[in-house]
Amino acid sequence: MKTTPSLKATKLNLLNFRSIPIRTFWITSISFFMCFFAWFGIVPFMPDVVNDLGLTPTQKWNSIILAVSGTVFARLLIGKLCDKYGPRLCYTWLLTLGAIPVIACGLVQTPLQFLICRLFIGFIGASFVITQVHTSLMFAPNVVGTANATSAGWGNLGGGANRLGMPLIAAAVVSFGVADAEAWRYSMVIAGIVCFLMGIVYYFFTQDTPEGNFKDLRESGETVTTKKDKVGFSTVIKDYRTWILFIVYAACFGIELTVYGTMDDYLQNTFQLSRLTAGNIVLSFALMNIFARTLGGFFGDKFGKLKGLRGRVLFLAAILSLEGIMLVTFSTTTSIYLGILFLIMFSLTVQMAEGATFSVVPFINKKAIGSVSGIVGAGGNVGAFLAAMLLKSKAAVAEKAALATNQGLGEEVMKSAQSAAASSAVSSGYFIIGFIVVLAGILALAIRFSTEDEVVKEVNLEDVSPELIAVRADYKN
């Protein structure tokens, strides 16, 4: 079998659309954005859904948990599929098939149908893994952390942009004569259609690697350097470093998902903010993905140049521990001004920790990047599931006790007591979670690399043959 020279990009030149890695970067980032936009698209409409379908508080919580549960299995599976079939085909099928439950969500008539759709919509959360695999295959070690973090951050932005985008879509639909109560349904259908169309774009305008698609390379007797001597999935799951990163990602992305999903109510109950004000603050929190996650990958690359692979790990451990400290501090704050300050600091550090995590992932096992990415990515959703269960159980017990204590004192008194109990319960939950995150940061220090791994040579233009530079210089930008 022949081995083709690496044509990975050594710079993240975002305006060089002639470059296959850069074109792929944009398409995979936009696809990821749309998947997260659709995944959390129902969130701004939950009050309408509750009224329309008659959801109970338990069913509402279950819909949140189901939305992240389905993603766990999808991420575990999709990584291995990427290693076998390539990210191009995997993303094409995920976008086209994932559009079905998104569209169906707008057509549901019962709470059970809604919960089923939420479960299957969660599968498109696996888009994160494919994006990370694709950028890892397109960019050289000296910039892969920045590329991974930037694509992931801009994709994650879809989970916050829907708070503004979905209501705008609903307003446009209403302007055409659709009833307000039905606008959320049309909005979900539209989001699903866009996801389907992105699947078509992905198939025709991307390829698996700068050298070509996996299928074509294998048929021509060639293989890309990252794919030779493929290792089995069992090798990946036996590597303790994979599972430490699984826990690390649970402690950053998983916690971001949970805090993002519960912060609206917490700000209203704790600081007596209006729903609009609380929603805008949470939206700002999500919009930090534009740059914060990129910073994590950027500093991961910088520490990698200074201290080798160990430097990447040291930065990851430090920023993850700082994330936990910020969440613990925020949970004890009673001043709205200090609360917003520490919420901003938490937002910055949690997203930087996510970027730093995937500046380490590509170096765990270069022959099975998809499998490692899938397992680590699934860790994020496991973390979100466990954190949501913790907050749900604490809030349910506290609210039940508050209602029992204030029974018969009037609706306003009971409502106030319930809000105070929920605030206290979630605050203590954030404190516990923050402490666990600090422990995860300490655990990250256990990640080690062999001497052979540490001397990985950074790829640059000087390493490429003159013939390759002359013929295919556009790939290197």
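**Close-up views of a predicted model**

**View 1. E354 forms a salt bridge with R293, with 3.0 Å between the closest N and O atoms.** This is a predicted model, in which local features need pLDDT of at least 70 and side-chain atom pairs count only at pLDDT 80 or more, while totals for chains, interfaces and linings use all residues. Residues are numbered from 1 along each chain as its sequence is written, and side-chain values use heavy atoms, with hydrogens and water left out. A salt bridge here is a side-chain nitrogen of Lys or Arg within 4 Å of a carboxyl oxygen of Asp or Glu; by this rule there are five. E354 is buried at 0% relative accessible area, and R293 is buried at 0% too (buried is under 20%, exposed over 50%, partly exposed in between; 1.4 Å probe, protein chains only).

**View 2. D301 and R312 meet through their side chains in a salt bridge of 2.9 Å, N to O.** The two lie eleven residues apart, D301 in helix α14 and R312 in helix α15 (helices are DSSP runs of H or I, at least four residues, numbered from the N terminus). D301 is buried at 3%, as is R312 at 2%.

**View 3. D52 and R185 form a salt bridge at 3.3 Å, N to O.** Here D52 sits in helix α2 and R185 in helix α9, 133 residues apart. D52 is partly exposed at 32%, whereas R185 is buried at 6%.

**View 4. A170 takes its place in helix α8.** A170 is buried, with a relative accessible area of 8%. Beyond its neighbours within four places in sequence, A170 contacts F45, A183 and S187 (heavy atoms within 4.5 Å).
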